[in-house]
Amino acid sequence: MKQEQIGKFIARMRKKQNLTQAQLAEKLNVTDRAISKWETGKGMPDSSLMLPLCQILHISVNELLSGEVISEQNYQAKLEENLLETVKQKELADRKLLTLEIIWGTSAVIMYLVLVLLITYLDFVPWLKLLAIMGATILIFIVSLFLLQIEQVAGFYECRKCHYKYVPSYNQVLWAGHIGRTRYMRCPKCKQKSWQKKVIVK
Ligand SMILES: [Zn+2]
């Protein structure tokens with residue numbers, strides 16, 4: 001897999017610079033366990049760490065993402081390959097998130113209905129019933145806020161007027177009227193309000 005290749009490449013370039021895992025970790029302000037995770041292909045450096053890491057290892061981000069030293073004539077081709085791969089990974093992750101939202105959302109609603117039914121049929125005193133239903137309602141409310149966050153960050157909303165695609169703020173999503181995932185919001189570009197669809201690809 002690519003991640004393993006990248007890991008081995010990081011290890012190779014680190015040794016070339018005569019650095020131990022601990023020394024590299026200190027330069028980047030991360031733990032040596034993080035370095036070991038990258039080098040064994042079990043994780044990737046955060047995007048915010050990629051530039052400093054590349055500077056220390058004297059490689060380009062293009063080379064880091066390729067997991068190898070790239071010759072000049074291959075540079076452009078590799079760059080485009082990596083760019084496409086990055087877009088593809090983001091799309092995949094967004095699709096997964098939105099599927100998760102549906103699964104979680106459906107399970108939460110079913111659980112809530114079962115709970116409310118149970119509470120109604122159980123032989124509780126009325127105030128206890130009311131308290132239990134309130135508890136269940138608060139729980140589903142918290143779950144919805146969490147699911148809404150998934151919806152905010154996964155993919156983009158497309159303005160119906162100017163077709164600008166953007167990621168709105170959490171507050172904007174929270175207060176917008178919606179039908180399913182289509183939300184009535186103000187576009188940050190043309191400033192008009194419209195029913196905006198969720199799209200995965202920018
Ligand atoms: Zn617009």
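Visitor: How far apart do the C-alpha centres of domain 1 and domain 2 lie?
Guide: In this predicted model, the C-alpha centres of domain 1 and domain 2 are 41 Å apart. The domain assignment places domain 1 at residues 2-70, domain 2 at 89-152 and domain 3 at 155-202.

Visitor: Which residues touch the most other members of the largest nonpolar core?
Guide: The general idea is that nonpolar side chains tend to be buried together in soluble globular proteins. Here the largest nonpolar core has 19 residues, and those touching the most other members are I10, L24, L28, W38, L53, I59 and L64. Two or more residues of this core come from each of helix 1 (2-16), helix 2 (21-28), helix 3 (32-39) and helix 4 (47-57). Helix 4 gives the most, with six residues.

Visitor: With which residues is I10 in contact, leaving aside its neighbours within four places in sequence?
Guide: I10 is in contact with W38, E39, L53, L57 and L64 on that basis. A second core, separate and made of six residues, includes Y166, V173, A176 and M185.

Visitor: Which protein atoms are the donors of the zinc ion?
Guide: The donors are the SG atoms of C159, C162, C187 and C190, which lie 2.3 to 2.4 Å from the zinc ion. Along the sequence, these donor residues follow the spacing C-x2-C-x24-C-x2-C.

Visitor: What geometry does the site of the zinc ion have?
Guide: The ideal angle for four tetrahedral donors at a metal is 109.5 degrees. In this model the angles among the four donor atoms of the zinc ion run from 106 to 113 degrees, and the site is tetrahedral.

Visitor: Which backbone atom lies 3.3 Å from a polar atom of the S194 side chain?
Guide: That atom is the backbone nitrogen of R160.

Visitor: Is S66 buried or exposed, and what does S66 touch?
Guide: S66 lies in helix 5. Its relative accessible area is 1%, and S66 is therefore buried. Not counting residues up to four places away in sequence, S66 touches K2, Q5, K78 and N82. With N82 there is a polar contact between the two side chains, at 2.9 Å. As for E39, 27 residues away along the chain, its C-alpha atom is separated from that of S66 by 14 Å.

Visitor: Where is S60, and what does S60 touch?
Guide: S60 is in the loop between helix 4 and helix 5 (61-66). Its relative accessibility is 18%, so S60 counts as buried. S60 touches C54 and Y75, with residues up to four places away in sequence not counted.

Visitor: What is the phi of N18, and what is that of N29?
Guide: As a general point, most residues other than glycine have a negative phi. N18, which is not a glycine, has a positive phi of about 60 degrees. N29 also has a positive phi, near 65 degrees.

Visitor: Where are these two residues found, and are they buried or exposed?
Guide: N18 is in the loop between helix 1 and helix 2, and N29 is in the loop between helix 2 and helix 3. The threshold for an exposed residue is a relative accessible area over 50%. N18 has 68% and is therefore exposed; N29 has 73% and is likewise exposed.

Visitor: In which helix does F141 lie, and is F141 buried or exposed?
Guide: F141 lies in helix 7, residues 126-153. Its relative accessible area is 52%, so F141 is exposed.

Terms used
Residues numbered from 1 in each chain as written. Predicted model: local features only at pLDDT ≥ 70, side-chain atom pairs only at ≥ 80, totals over all residues. Heavy atoms only, no water. Polar contact = N/O pair within 3.5 Å; in protein donor to acceptor, adjacent residues only side chain to side chain. Donors = N, O, S within 2.8 Å, 3.2 Å for Na, K, Ca; no water. Tetrahedral: all angles 85-135°; square planar, octahedral: opposite > 155°, others 65-115°. Core = buried A, V, L, I, M, F, W, Y, C linked by side-chain atoms within 4.5 Å. Buried < 20%, exposed > 50% of the residue type's maximum accessible area, 1.4 Å probe, protein only. Helix = DSSP H or I, 4+ residues; strand = E, 2+ residues; numbered from the N terminus. Contact = heavy atoms within 4.5 Å. Domains from an automatic or database assignment.
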